[in-house]
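User: I have a complex open here and would like to talk it through. Could you start with the confidence and then move on to the interior?

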Amino acid sequence: MNAVAAIVRANLRRLVNDRGNIFFLIILPLLIVFALGSAIGSSESDVVIGVVDPAPSKLSATVGRTLAASEGITLENVSDAGSLRRRVSRGEFNAGYVVSASGAVTTITWVSGLDTRGIAMQGSMQSVVQTVAAHEQVIGALDASAGLTRQRATAVVDGLTGVPAVRVSSTTVGGDETSAESIRAVLAGGELTLFMFLSALFGSQALLMSRLLGVTRRTSAAPVSVRSIVIGEAVSRYIVAMLQGLIIIVGTMVLFGVDWHSPLAVLALSAAMALVGTGAAMLLGTFGRSEQQVGALALLVGLVFAALGGSMQPLEFFPQGMRQVAFAITPHAWMNDGLWKILVDGAGLRDVLPAVGVLTGVGVVLLAIASRALARRLV
Amino acid sequence: MRAVFDIFRRDLRARLRDRSAVLIGVVAPLALIIALSLIAGGTSPSTRPLGYVPAPSTTVTDQMLTSAVFPALVAQKTAEITTFTDMAAAARALDDGAIDAIIQVRAGTPDPNGPVPLGSIEVSHDPSASVGGAIADGVAKATASQINSTVTLLAAERRLGTGPDAADPQRLALTRILAQTPVIQLEDGPAAGGLSTKTQIAVGMATFFLFFTVQFGLLGLLQERREGTLARLLAAVTPRQVLMAKLLVSFVLGIISMSVLLLVARLFLGAHFGSLIGVAILVVCGVAAATATVALVVGLARTPEQAGLAQSMVALVLGILGGAFFSMARAGAFGRIATTFTPHYWFSEGLIRLTDGGSWTAALQPAAILLLFTAVVGVPGVLVARRSVRP
């Protein structure tokens, strides 16, 4: 056991001595969670509409007020139509409108780009415009059909009581709305999965260099069994993966107030995912040929699995077929699905045990294959 | 000049044979573009499925919805309407996710103006399908407003004794009178430009990996110095020629990577980039900016490991801030300002301007900013990198 501990200590000392690792293990994941939270968290929760209204009239002001009173809609004034178009194109606004007046008629020109929520907002805008216009339109129509002055028509319409009307009511059915806090927590969860696996995979470079430089072979010349060397290398990778997980969990809790709901369940998933990362890293470090090749493969596999496994976009928003593919080929999908259950549905340890089981199984199989291969190369 | 091209040719051949450059420059970004495009297919398309449950006996609201409102929604491709005979079947469809929202008409208020009741509308929607819910809500309110203003007009005319026969069965025709007297109207403006989701993914990944790809040329300086081949090379050519050759390798690798990725995205993934000349200008200026960045990093680093690590950090930070993975346009004041300091932002800004109906000249301003970045970073970069060209 002393030999295993010595190998682990040496590997961890190498990790700590390299200052670049502070960036990759601590700063980078937290920077991404911060950037994702502020970029996507807010864009998921609010629809932002740009408004160009250089000379607001009573009607256009009422339209703006009515729209701004709707839940989840924010209005922002823009100086000119060109600037509005550019900002809609860039995605700063979901959509926007330009108010212009010609005689007695006010025209609102709707500007939307490729944003689906912006396109859909046109329906809401239509209803707001029609509602605001209804009173004025009736007065205008009376003016036209009955030849009344505007003042008289207004008096007649305002004097009407008990006019029947079509009423509209709106209810929400189904599950609770995913709050902005939950979205931020899910995004942090996706990064947790991505970085645990990626950091473990990059650890394969250290194993490869130990192999290529003959460190592992020289160690086996000492009175240290091959089994101890393999266990030492595996434990080192596992500790790095768990360390990465803990940094993200604690860092996002302290810095961004992410509520992980059931820390025990999150830790169980992380422990199982670390095992998968360890197995994959041992496999890559054992079969890799050069540092550049292993680095490139780690980046490729780490990012592609993260994308397909729901770390860059929650699995809930995947097309059905791709969801099945994600579970079939990536461990990330199992962990991210478990995290969604914990963070959004309020699940606990018992609910995520199947995912923990699958991840542990995959990790053990990968580790067994890699350990045998590494042991064979050392003998 | 011949010496520069000789070194360049030899280096480029070596880099292209080395699978890691191809892996980082083409395979990895392509795999990510495909993966992200596949999962992006599930984000809400603009045509949303809505359910409609009519009242047991026809109401004015039903007439209005089926004769005018729904056909317009279908024609605009805003929604697809499925009619359900009872609410239970519609609720099941909503629960299964087959529809986003239900517009249910109830018999509701009797109409004093005619035998057909006005009706009332109840909208039920799934909170996770907010777009469909917003459309259904908007449709319901707009329909109600239209009918209510007609009813109010009728009531006013009846009060004045000037209106049409109160029992006029063609009452819906009155909406035409209202439509002819607009006081405020909504019209469709020309659509703004912008990059489709797949185009955004392709551009984001291509620019993100560009900063890793270009390092394969210049990083060779430090590797060759360590291996001792640089000293032998300097016996035959000047340091300036070596540096120029390495810069050229980085630049050409970047051009190859960007061209292959954008071409594949255009041909096979339906990405749309606008004017070809404009895109070519942006690619050249974007690759120049990336090469300038790596020159500065290599110049400041002492070992290949240090340079590789620092370049990865720079590439990651610039990529995240530049919106390679997700747009920073909505990330608050800090994000909006920070993103404009990255080449990634100006590259995609150029493409946005090209897709917004612009000719190739629309890309000139962003391209000029990319060149400014190249000069600001590249000049000190080349000066310090020259120090690395020593035995």
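Analyst: Chain B has a mean pLDDT of 83, and 87% of its residues reach 70 or more; pLDDT is the predictor's confidence in each residue, from 0 to 100. This is a predicted model, in which local features need pLDDT of at least 70 and side-chain atom pairs count only at pLDDT 80 or more, while totals for chains, interfaces and linings use all residues. Residues are numbered from 1 along each chain as its sequence is written, chains are lettered from A and ligands numbered from 1 in the order in which they are written, and side-chain values use heavy atoms, with hydrogens and water left out.

User: Where in chain B is confidence lowest, and where highest?

Analyst: Helix H6 (residues 174-180) of chain B is lowest, at a mean of 52, and helix H11 (residues 276-300) of chain B is highest, at 94. Helices (H or I, at least four residues) and strands (E, at least two) are DSSP runs, numbered from the N terminus. Over residues 165-173 of chain B the pLDDT is below 50, and this stretch has 14 contacts in the model beyond near neighbours in sequence. Contact means heavy atoms within 4.5 Å. Where pLDDT is low, the predicted coordinates should not be read in detail.

User: And the complex as a whole: what ipTM does the predictor give?

Analyst: The predictor gives an ipTM of 0.73, with a pTM of 0.75.

User: How many helices and strands does chain B have?

Analyst: Chain B has 15 helices and five strands. Of its 391 residues, 54% are buried, that is, under 20% relative accessible area, with exposed over 50% and partly exposed in between (1.4 Å probe, protein chains only).

User: Switching to chain A: is Thr252(A) buried or exposed?

Analyst: Thr252(A) counts as buried because its relative accessibility is 0%. Thr252(A) lies in helix H9 (residues 226-256) of chain A. Leaving aside neighbours within four places in sequence, its contacts include Leu30(A), Val33(A), Ala188(A) and Trp260(A).

User: Which residues line the largest cavity?

Analyst: The lining consists of Thr207(B), Leu210(B), Phe211(B), Gly286(B), Pro343(B), His344(B) and Phe347(B). Helix H7 (197-213) and helix H14 (343-355) of chain B are the elements that give two or more residues to this lining. A cavity is a set of points, on a 1 Å grid over the protein atoms alone, where a 1.4 Å probe fits but cannot get out; lining residues have an atom within 4 Å of a point.

Note on methods:
On a 1 Å grid over the protein atoms alone, a cavity is a set of points where a 1.4 Å probe fits but cannot get out, and a pocket is an open set with protein on both sides within 12 Å along at least five of seven lines; lining residues have an atom within 4 Å of a point.
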